[in-house]
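I opened this notebook to record what I looked up in the model, beginning with the sheet and moving on to the helices and the cores.

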Amino acid sequence: MIREFQISDTEQVMKLWLFGNIDAHSFVPEEYWRLHFNEVQETLLEAKVFVYDIDEKVLGFIGLMNEYIAGIFVDKSCRSAGIGMQLLTYVKQKYDTLSLSVYQQNSRAVAFCHREGFSILSEGIDEDTGEKEYTMFWKKSYEK
């Protein structure tokens with residue numbers, strides 16, 4: 001079930017964030033993610049976050065700052081089971097446009113975003129990590 005984030009979800013969400021980043025971004029030193037843990041946890045409380053929850057276990061989440069997707073994470077044991085797609089579909093119903101940044105080396109995430117209708121808007125360098133990234137964009141289509 002997808003629902004709004006609650007403060008009691010913080011520990012589970014942050015574990016998903018930390019271990020998801022370490023797993024998906026082996027090209028970024030693990031210490032980078034650990035150093036930013038507290039900052040992200042504080043920012044989490046300012047973001048609009050939706051979690052995918054089964055029996056009080058958070059298996060995935062998506063966080064937004066306005067129409068910018070700051071992150072989408074799914075528990076490693078549940079990846080490729082449609083949870084990320086469901087979270088993205090959920091927010092697509094709430095917003096007319098969405099954007100996000102994704103590391104170019106994270107080919108799995110880039111492919112996922114393409115499958116979900118995102119297009120590459122621009123290429124750049126993440127100033128914090130020095131890694132190449134894409135800014136991707138999605139716009140709701142209104143068919144007649």
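How many bridges join β2 to β3, and do they run parallel or antiparallel? I found seven bridges between β2 and β3, which run antiparallel. I noted that this is a predicted model, in which local features need pLDDT of at least 70 and side-chain atom pairs count only at pLDDT 80 or more, while totals for chains, interfaces and linings use all residues. Residues are numbered from 1 along each chain as its sequence is written, and side-chain values use heavy atoms, with hydrogens and water left out.

**Entry 1, the sheet.** I took helices (H or I, at least four residues) and strands (E, at least two) as DSSP runs numbered from the N terminus, and I took two strands as paired if DSSP finds at least two bridges between them. I read an open sheet of seven strands in the order β1-β2-β3-β4-β5-β7-β6, with mixed pairing. β1 (2–4) and β6 (119–125) stand at the edges with a single partner strand each, so one side of each is left without a neighbour in the sheet.

**Entry 2, β2 to β4.** I looked up lysine 48 and found it opposite leucine 64 in β3. The hairpin of β2 and β3 has two residues between the strands, and aspartate 55 there takes a positive phi near 50 degrees. Six bridges join β3 to β4, again an antiparallel pair, and isoleucine 62 has isoleucine 72 in β4 as its bridge partner. In the hairpin of β3 and β4, with two residues between the strands, asparagine 66 has a positive phi near 60 degrees. I then checked burial (buried means under 20% relative accessible area, exposed over 50%, partly exposed in between, with a 1.4 Å probe and protein chains only). Seven of the nine residues of β3 are buried, so β3 is largely enclosed by the rest of the structure.

Seven bridges join β5 (residues 97–103) to β7 (residues 132–139) in an antiparallel pair, with threonine 97 partnered by lysine 139. β6 and β7 are joined by six bridges and run antiparallel, and they form a hairpin with six residues between them, where glycine 130 in the turn has a positive phi of about 80 degrees.

The buried residues of helix α5 (residues 107–115) are Ala109, Val110, Phe112 and Cys113. They cover an arc of only 160 degrees around the axis (taken from the directions from the helix axis to the C-beta atoms), which puts them on the same side of α5. Ser107 and Arg115, on the other side, are exposed. The buried residues of α5 pack against β4, α4, β5 and β7.

I used nonpolar core for a set of buried Ala, Val, Leu, Ile, Met, Phe, Trp, Tyr and Cys residues joined through side-chain atoms within 4.5 Å. In the largest, of 25 residues, Ile62, Leu64, Ile69, Val91, Leu98 and Phe118 touch the most other members. A second, separate core of 18 residues includes Leu18, Phe27, Val28 and Trp33.

How values were computed
Contact = heavy atoms within 4.5 Å.
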